[in-house]
Amino acid sequence: MNNHDFPFGDHSLSARASGALWWAARGLLVVSDLHLGKSDRMARRGGAFLPPYETQDTLSRLEAEIEATGARTVICLGDSFDDLGAEQNLHPDMRDWILRLMAGREWIWVEGNHDPGPTDLGGTHRAEVALDGLMFRHIATDTGMGELSGHYHPKARIAGIARPCFLYDARRVILPAFGTYTGGLRAGSDVLSGLMAPDARAVLIGARTHVVPYGAC
């Protein structure tokens, strides 16, 4: 199936196969860790030279999700840009593309550990966002309840193939990275197992969603 619907608090959310989270009742689309401009940042810092198309691919997939859902609000859960230079060096065509996506809808940039802070792209900039008993922030907290976050880029294996995944339990949801050039942290790692309850679920994404018990990750 292309989506996995699940209850969270008093709400119904949907983990989409793209890695975006959809809250239909509010017309709200949530994505995390776009890391726009990562290839630019790696080249500037003497790292590997990667084909400089990840921003175009990420924005293309984001646009497809906005069109598919008709989202009225978009929340980007931090690390939207890979660093300050990535935002400053953003190609004018890509900047215009982002502005077109933002037009006519509420757009909220949540602060991340890579983010340059407020940009000149408009929208609303917040350290975290509270909506109807849910809290949207970049990094999960030990005491989080009704919390949605990103940062860790969780991945899990099925049939020997690692796939990005959502993690969720009764207290929190951790989103996969939406950006094209992003690595990942094993869902069963110590840091993530310290955050997730034993009865948590992992929703692997790709061509379709696949739900597995967290203990199988």
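Student: Which residues of α4 are buried?

Tutor: The buried residues of α4 are Met94, Arg95, Trp97, Ile98, Leu101 and Met102. Keep in mind that this is a predicted model. Each of the six has under 20% relative accessible area, the cut-off for buried.

Student: How do you know where they sit around the axis of α4?

Tutor: Look down the axis of α4. The buried residues fall within an arc of 160 degrees, so they line one face of the helix.

Student: What does the face of α4 turned away from its buried side carry?

Tutor: Pro92 and Arg100, both exposed. Exposed means over 50% relative accessible area, so Pro92 and Arg100 each pass that mark. Just after α4, Gly104 takes a positive phi of about 80 degrees.

Student: What makes it a cavity and not a pocket?

Tutor: A 1.4 Å probe fits there but cannot get out, whereas a pocket is open.

Student: Which residues line the largest cavity?

Tutor: Its lining is made of Leu34, Leu36, Leu59, Leu62, Cys76, Ile98, Leu101, Trp107 and Trp109. Two or more lining residues come from each of α2 (54-69), α4 (92-102) and β6 (106-110). Ile98 and Leu101 also belong to the buried residues of α4.

Student: What is the lining of the largest cavity by class?

Tutor: Nine nonpolar residues, no polar and no charged ones. Leu, Ile, Trp and Cys count as nonpolar, so the lining falls in that class.

Student: Why is Asp79 called buried?

Tutor: Asp79 has 2% relative accessibility. The cut-off is under 20%, so Asp79 counts as buried. Asp79 is in the loop between β5 (73-76) and α3 (84-88).

Student: What makes the phi of Asp79 worth a look?

Tutor: Asp79 has a positive phi, near 55 degrees, and is not a glycine. Most residues other than glycine have a negative phi.

Student: Why is Asp132 called partly exposed?

Tutor: At 47% relative accessibility, Asp132 lies between the 20% and 50% limits, so it counts as partly exposed. Asp132 is in the loop between β8 (129-131) and β9 (134-136). Its phi is positive too, about 50 degrees.

Student: His138 is in a loop between β9 and β10 (147-149). Is it buried or exposed?

Tutor: Buried. His138 has a relative accessible area of 4%, and the limit is under 20%, so the label holds.

Student: What does His138 touch beyond four places away in sequence?

Tutor: Its contacts include Asp33, Leu77, Asp79, Glu111, Asn113 and His151. Gly150 is also among them.

Technical notes:
Residues numbered from 1 in each chain as written. Predicted model: local features only at pLDDT ≥ 70, side-chain atom pairs only at ≥ 80, totals over all residues. Heavy atoms only, no water. 1 Å grid on protein atoms, 1.4 Å probe; cavity = no way out; pocket = protein on both sides within 12 Å on 5 of 7 lines; lining within 4 Å. Helix = DSSP H or I, 4+ residues; strand = E, 2+ residues; numbered from the N terminus. Buried < 20%, exposed > 50% of the residue type's maximum accessible area, 1.4 Å probe, protein only. Arc of directions from axis to C-beta. Contact = heavy atoms within 4.5 Å.
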